[in-house]
Amino acid sequence: MSGRAWRALLVGVLIATVLGWSSLLGSWHGLTVLAVTALCVLAVGGLWWLLQRTGDARAALREKLSGGDDGQHHEFDGVTLRVEDDGRHVWLDGPGLQRVLRRREPEEALAARHAGAWRRNERGVLMLRVDAVIAYLGAMPGRDEPRLQKLRRYLERDLLYPAQRRRERA
């Protein structure tokens, strides 16, 4: 059941409860119950609205504070990805990719899967070429899952193609 259906069910139960109490207690008590319920619904709705706006403000603050890291960090599905562009290729950190794919495997296995398309950066972190990762995601088991297709589109649209356009302009 979707979140919207759960909310509709909850509102229906609240309305049924209020109407039931108002018929049991009489009109004055029923109005009191109705007023209290309306205030509770408004308070919950206001809190939900405030949390939605706080999330936007938190994202804006994070973007403002990480201004010095532009072009270095990207995020997919709540996982921060380290991205490096050396002028020839765009590189993605292997541990970040494993977190996005929700897999645990030795770095050696990940490097072997991307043979000839990996390196270690100055900190010793395994870096994979984005074009090789896209090719692997297109051929791996489960490649038709919507989440993996979304990851492929993200890597192509937000990492690979902008880097190609930068190189063409330069």
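**Working chat on a predicted chain**

Q: To begin, what share of the 170 residues in the chain is buried?
A: Buried residues make up 25% of the 170. Buried stands for under 20% relative accessible area, exposed for over 50%, and partly exposed for what lies in between, with a 1.4 Å probe and protein chains only. Please note that this is a predicted model, in which local features need pLDDT of at least 70 and side-chain atom pairs count only at pLDDT 80 or more, while totals for chains, interfaces and linings use all residues. Residues are numbered from 1 along each chain as its sequence is written, and side-chain values use heavy atoms, with hydrogens and water left out.

Q: And the secondary structure, how many helices and strands?
A: The chain has six helices and five strands. Both are DSSP runs numbered from the N terminus: helices are H or I with at least four residues, strands are E with at least two. Along the sequence the pattern is α-α-β-β-β-α-α-β-β-α-α.

Q: How much of the contact set with a separation of 6 or more comes from residues 24 or more positions apart?
A: Such residues account for 47% of those contacts. A contact means heavy atoms within 4.5 Å.

Q: What about the surface, how much of it belongs to carbon and sulfur atoms?
A: Carbon and sulfur atoms hold 60% of an accessible surface of about 12,000 Å². Accessible areas come from the Shrake-Rupley method with a 1.4 Å probe, and for residues only the protein chains shown count as cover.

Q: Which residues form a nonpolar patch there?
A: Leu47, Trp48, Trp49, Leu50 and Leu51 form one, with about 580 Å² of accessible area together. Patches take residues with over 30% relative accessible area and no salt bridge, joining like charges within 9 Å and nonpolar side chains (Val, Leu, Ile, Met, Phe, Trp, Tyr) within 5 Å. Leu51 belongs to helix H2 (residues 27-65) and counts as exposed because its relative accessibility is 54%.

Q: Moving to H6, what span should its 24 residues have?
A: Helix H6 (residues 146-169) should span 34 Å at 1.5 Å a residue, and its end C-alpha atoms are 33 Å apart, which agrees. The expected span is 1.5 Å times one less than the number of residues.

Q: Where does H6 bend?
A: The bend is at Glu156 and amounts to about 30°. A bend is the angle between axes fitted to the seven residues ending at a position and the seven starting there.

Q: Which H6 residues are buried?
A: They are Leu148, Leu151, Tyr154, Leu155, Leu159, Leu160, Pro162 and Ala163.

Q: And in H5, what covers the buried residues?
A: The cover includes strand S3 (90-93), H3, H4, strand S5 (126-129) and H6. The buried residues of helix H5 (residues 130-139) are Val130, Ala132, Val133, Ile134, Tyr136 and Leu137.

Q: New topic: how many salt bridges does the structure hold?
A: It holds eleven. A salt bridge is a side-chain nitrogen of Lys or Arg within 4 Å of a carboxyl oxygen of Asp or Glu. One of them joins Glu107 to Arg120, with the closest N and O atoms 2.9 Å apart. That pair links distant parts of the chain, with Glu107 in helix H4 (residues 107-113), Arg120 in strand S4 (residues 118-120), and 13 residues separating them.

Q: How far apart in H6 are Glu156 and Arg152?
A: They are four residues apart, so about one helical turn separates them. Their side chains meet in a salt bridge at 3.7 Å, N to O. In general, an α-helix has 3.6 residues a turn, so residues three or four places apart point the same way. Arg152 counts as partly exposed because its relative accessible area is 28%. Elsewhere, salt bridges that share partners join Asp77, Arg102 and Arg147 into one network.

Q: Where is Asp77 placed?
A: Asp77 is in the loop between S1 and S2, and its phi is near 55°, a positive value in a residue other than glycine. Gly78 is in the loop between strand S1 (73-76) and strand S2 (79-85).

Q: Is Gly78 buried or exposed?
A: Gly78 is exposed, because its relative accessibility is 58%.

Q: And Arg102, where does it lie?
A: Arg102 lies in the loop between helix H3 (94-101) and H4. Its phi is positive, about 60°, although Arg102 is not a glycine. With a relative accessible area of 60%, Arg102 is exposed.
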